[in-house]
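Here is a short report on one protein chain. Please look over its sequence and 3D structure first.

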Amino acid sequence: RFFYYNKQKINLIQDFYSQRDLNILIPIYLFTGICLIMFSLTIMYYTYTKRTEFLFYALYILFLFLYLTPDIFKLYDVFFNGMSLFSYAFFQISQILINLCYILFVMYYLNAKIQYPKLHVALKAIAITLILIVVLDIFCFITKSFTLHIYLLDFERLIMTLFGICGMIYLLCRGKSKLTYFIVIGSFLYMAGALGLLFLQKRIYMVSGAGLEILVFAAGLTYKIQQEYKERLQFQEEAFLNKTRALRAQINPHFIFNSLSSIQSFITSNDRISALKYLS
């Protein structure tokens with residue numbers, strides 16, 4: 001079963017990365033440009049802000065790019081000398097790493113630990129499961145346990161599909177902000193593309209789905225930055241108003257005390273006219 005599956009996958013990969021159809025190549029090149037631009041921007045923003053969600057999203061884009069477009073720069077030939085066992089292993093494991101980085105990105109993007117505690121527990125469990133699958137899959141290639149490798153991939157696809165559907169339904173029902181809509185729409189597009197790739201054996205479906213998903217999440221990250229900026233301005237304005245009120249509360253008693261003291265001094269010196277003017 002493995003050799004049939006392996007041959008089928010190798011042929012599929014070769015079909016993916018053939019350059020015979022210009023109509024297929026144009027979306028691939030567009031997707032490559034989107035990945036490179038978004039990866040660069042996300043890495044720069046992470047370097048500037050140290051926000052964890054941007055790091056995981058950058059890694060997600062990187063593995064997605066390596067999985068779908070290694071033919072653009074002949075990366076597999078450079079690193080693995082063609083379609084060797086190592087290139088096949090990386091091709092398969094990168095699928096899991098894509099999902100792992102995506103899960104971690106969603107966890108930090110939604111601030112699930114505070115906003116969605118139950119979803120956070122589920123995301124954490126899925127992330128741990130994917131890490132274990134990666135470790136076991138590497139062990140399978142080292143020990144050449146290819147049958148177990150196939151079962152692991154099937155299991156990973158099954159749990160990610162089920163979790164993706166349940167997660168989208170949960171967020172639609174329990175969403176607390178507009179951020180959830182970006183996650184739901186992006187996840188749906190990515191899942192539709194991945195299923196199209198799995199069942200129809202055409203890279204263009206996943207490239208299209210993943211490309212649209214990247215654009216949706218780019219809008220989502222921009223929206224989150226704008227909302228946080230507005231909240232920061234609001235907090236600064238409230239802090240300024242509170243400080244102004246506090247200063248006024250301090251100034252008013254001093255002003256009254258000084259005024260009464262001045263009037264008192266006019267009265268004691270029998271300067272009634274100045275006292276009345278000052279009082280007025």
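## Basis of the model

This is a predicted model, in which local features need pLDDT of at least 70 and side-chain atom pairs count only at pLDDT 80 or more, while totals for chains, interfaces and linings use all residues. Residues are numbered from 1 along each chain as its sequence is written, and side-chain values use heavy atoms, with hydrogens and water left out.

## Overall fold

The chain has 11 helices and 0 strands. Helices (H or I, at least four residues) and strands (E, at least two) are DSSP runs, numbered from the N terminus. Along the sequence the pattern reads α-α-α-α-α-α-α-α-α-α-α.

Of the 280 residues in the chain, 41% are buried. Buried means under 20% relative accessible area, exposed means over 50%, and partly exposed lies in between (1.4 Å probe, protein chains only). A contact means heavy atoms within 4.5 Å. Among contacts in the chain with a separation of 6 or more, 72% join residues 24 or more positions apart.

Two packed helices are described by the angle between their axes and the distance between the axes. Axes are lines fitted to C-alpha atoms, for helices over the stretch in contact, and angles run from 0 to 180 degrees between N-to-C directions. Angles under 35 degrees count as roughly parallel, over 145 as roughly antiparallel, 65 to 115 as roughly perpendicular and the rest as oblique.

Helix H5 spans residues 85-109 and helix H9 spans residues 179-200. Their axes come within 11 Å and cross at roughly 170°. H5 and H9 are therefore roughly antiparallel. Their crossing is left-handed. That term applies if the near helix is turned anticlockwise from the far one by less than a right angle; clockwise makes a crossing right-handed. From H5, the contact uses Ile98, Asn99, Tyr102, Phe105, Val106 and Tyr109. From H9, it uses Leu179, Phe182, Ile183, Ser187 and Tyr190. By class, the contact of H5 with H9 has 9 nonpolar, 2 polar and no charged residues. Here Ala, Val, Leu, Ile, Met, Phe, Trp, Tyr, Cys and Pro count as nonpolar, Asp, Glu, Lys and Arg as charged, and the others, Gly among them, as polar.

The axes of H5 and H8 come within 12 Å and cross at roughly 25°. H5 and H8 are therefore roughly parallel. This crossing of H5 and H8 is left-handed. On the H5 side sit Leu85, Tyr88, Gln92, Gln95, Ile96, Asn99 and Ile103. They meet Phe146, His149, Leu153, Glu156, Arg157, Met160 and Phe163 in H8. The contact of H5 with H8 holds 8 nonpolar, 4 polar and 2 charged residues.

H8 and H9 have axes that come within 10 Å and cross at roughly 150°. That makes H8 roughly antiparallel to H9. H8 passes H9 in a left-handed crossing. H8 supplies residues including Arg157, Met160, Gly164 and Met168, and H9 supplies residues including Thr180, Ile183, Ser187 and Leu198. The contact of H8 with H9 divides into 11 nonpolar, 4 polar and 1 charged.

## Buried polar and charged side chains

Glutamine 95 lies in helix H5. Glutamine 95 is buried, with a relative accessible area of 12%. Not counting residues up to four places away in sequence, glutamine 95 touches Tyr67, Glu156 and Arg157. The C-alpha atoms of glutamine 95 and arginine 157 are 9.4 Å apart, although the two are 62 residues apart along the chain.

Lysine 224 is in helix H10 (residues 203-268). Its relative accessible area is 10%, so lysine 224 is buried. Lysine 224 touches Arg51, Glu53, Tyr108, Tyr109 and Leu179, again not counting residues up to four places away in sequence.

## Loops with positive phi

Asparagine 111 is not a glycine, yet has a positive phi of about 50°. Asparagine 111 sits in the loop between H5 and helix H6 (112-115). At 35% relative accessibility, asparagine 111 is partly exposed.

Lysine 144, also not a glycine, has a positive phi of about 60°. Lysine 144 sits in the loop between helix H7 (117-143) and helix H8 (146-174). Lysine 144 is exposed, at 58% relative accessible area.

## Cysteines

How many disulfides are there? The count is 0, where a disulfide is a pair of cysteine sulfur atoms within 2.5 Å. Cysteine 101 is buried at 6% relative accessibility. Cysteine 173 is exposed, with a relative accessible area of 61%.
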